[in-house]
Amino acid sequence: MHARAARPAAGPRYRLAVGLALALSAVRCTPGQARPDGGAAGVVSPPSKSAPAAPSTGGEPPLLARNDAHGAAAATSPTSGPATVDVPAPTQMRDSVAPLVDGVKASVVTILSTKIIRRMAREDPWSAMLREQFGLGGPQVTQERAQSLGSGFILDVSGVVLTNNHVVAGADEVVVKLADDRKLAARVVGSDPATDVAVVKIDQPPANLSAVTLGDSEKLRVGDYVLAIGNPLGLGQTVTMGIVSAKNRAIGEKLGELDPRYQDFIQTDAAINQGNSGGPLFNFRGQVIGINSAIINPGVAMNVGFAIPINLARQIADQIRQTGTVARGYLGVGGEDFTAERAAELHVPFAAGALVNVVGRGTPAEAAGLRPNDVIVEIGGRAVDSFRHLPIAVASLRPGEKATLVYLRGGKRVETTVTLAAQGGPGGGAHLFLGIDVRPLDAREARSVGLGAGQGLAVTAVDPRGPASGVLEEGDVLLQIDGQPVTFDRLRAYEGRVGSGRSVLVIQRGSARFGLKL
């Protein structure tokens, strides 16, 4: 079976490489499905080495879509580490990478997920009338099984497997198929749509599992050779080779209904296709440095694939394994990239960083003394060279964690400490689209506008340079979106849809209400 990708009318379209759908998939990971782009988390952001053998230049290009598994995310368990794998040094692979493949292929798996869809059978009006009159019970309910497949890799010999969230999202049943074709029942431990990472656990792991070794994606260099292993198009385990084409990529378009908001992709020309999602991207030392996750439609581009950096995936997987959920820090600023042009406007020296345009009230940023026109260059020991990278750095920190914050004010370096809040919690606001900062309505405020507890959001700050400037104001109340009460989670889900004009946000300002097309 071949998955056909629709040719976009204009511009590149991004697609989930979730894998071959064996039936109509309710898991929303069928081939050809679009996926949404991620937004900035933790801040208020506007929408808007060498091996002797050279890689082959031939081969089929990848479809650009999000692949199904996030590669290795969690660090190996201290009580059950990875099985020892003999991986040759790059200098030993003179004419072939087969020794490297032999050393790592046993740790790569196929993941089959099944969603049980319950449907009410259609009945004609005459049958419905007879059933209601004579009390013959409710309409018949049928069940359909929708299946899809992706890839993954064994993180720990205790049976922990890393994959993409979109590979297992909504699955009622999960089966892990090993490289030797053994099929093992498994369950989803937890997942994180914002990064598209999921942790799966084999129910009864055999004693001879082979686990991967995690590398350091920060040390990866453009031009490094890489191997991608997965199960494209249901063909079975397949190996492709290429190089790292670029780092720190943001796709910037919707990739479907799931919302990977934190995008810091590794770009590679190693051929990736539907079904590779969740599979590992190896360096030439046999270490996983990324999770193959997305590809570009071959009707637009060839051999342009994207992988989630393993350092990011590891942080997410660690939290999922420890608590089953993911908590992220929140800073509470809105802004833009600091450019040489903006530096000239402000009459200060230029240094790459995140320019602060707005500081939310009651936020950790305000408590730390940040002001508009400050330029954040580092947080938590991680360099920030653009506003896009600020939410990724902030989200890697935990709520309540104290972090060193370095910023430039008037060209002078200032160092302080900030205590991060939880996203959506007290002092946490929400880093929403349109460059606004919001807080939840209290029970009294919600009742006054006809909403229930936990519904409705009040605008507390508006980025003067953001797209909402001149449209939304401090004090506005966000009531509904597409007829549903506004909540943090519901509004976040619309981040990748801004600009489509298909959704309406209802806003109350004083006693007046109006709609805003998104």
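Modeller: One term before we start: contact means heavy atoms within 4.5 Å. Also, this is a predicted model.

Biologist: Noted. Which residues is Val189 in contact with, leaving aside its neighbours within four places in sequence?
Modeller: Val199, Val200, Lys201, Ile320 and Gly324.

Biologist: How far is Gly324 from Val189 in sequence and in space?
Modeller: The two are 135 residues apart in sequence. C-alpha to C-alpha, Val189 and Gly324 are 6.4 Å apart.

Biologist: Where is Val189 found?
Modeller: In strand E6, which covers residues 183–192.

Biologist: And why does Val189 count as partly exposed?
Modeller: Because its relative accessibility is 30%.

Biologist: What about its backbone? What is the phi of Asp196?
Modeller: Positive, about 65°, although Asp196 is not a glycine.

Biologist: Is Asp196 buried or exposed?
Modeller: Buried, with a relative accessible area of 0%.

Biologist: What is the phi of Asn248?
Modeller: Asn248 has a positive phi too, about 55°, and is not a glycine either. Asn248 lies in strand E10, residues 238–249. With a relative accessible area of 36%, Asn248 is partly exposed.

Biologist: New topic. Where does Ser277 sit?
Modeller: In a loop between strand E11 (265–268) and strand E12 (280–283).

Biologist: Why is Ser277 called buried?
Modeller: Because its relative accessible area is 0%. Buried means under 20%.

Biologist: What does the side chain of Ser277 make a polar contact with?
Modeller: The side chain of His166, at 3.1 Å.

Biologist: Now Glu144. Which strand is that in?
Modeller: Strand E3, residues 141–156. Glu144 is partly exposed, with a relative accessible area of 34%.

Biologist: How far apart are Glu144 and Ile117?
Modeller: Along the sequence, 27 residues. In space, Glu144 and Ile117 are 5.0 Å apart, C-alpha to C-alpha.

Biologist: Let's zoom out. How many helices and strands are there in the protein?
Modeller: 9 helices and 28 strands.

Biologist: And how many of the residues count as buried?
Modeller: 53% of the 518 residues.

Methods:
Residues are numbered from 1 along each chain as its sequence is written. This is a predicted model: local features need pLDDT of at least 70, side-chain atom pairs count only at pLDDT 80 or more; totals for chains, interfaces and linings use all residues. Side-chain values use heavy atoms; hydrogens and water are left out. Helices (H or I, at least four residues) and strands (E, at least two) are DSSP runs, numbered from the N terminus. Buried means under 20% relative accessible area, exposed over 50%, partly exposed in between (1.4 Å probe, protein chains only). A polar contact is a pair of N or O atoms within 3.5 Å; within protein, one must be able to donate a hydrogen and the other to accept it, and residues adjacent in sequence count only if both atoms are side-chain atoms.
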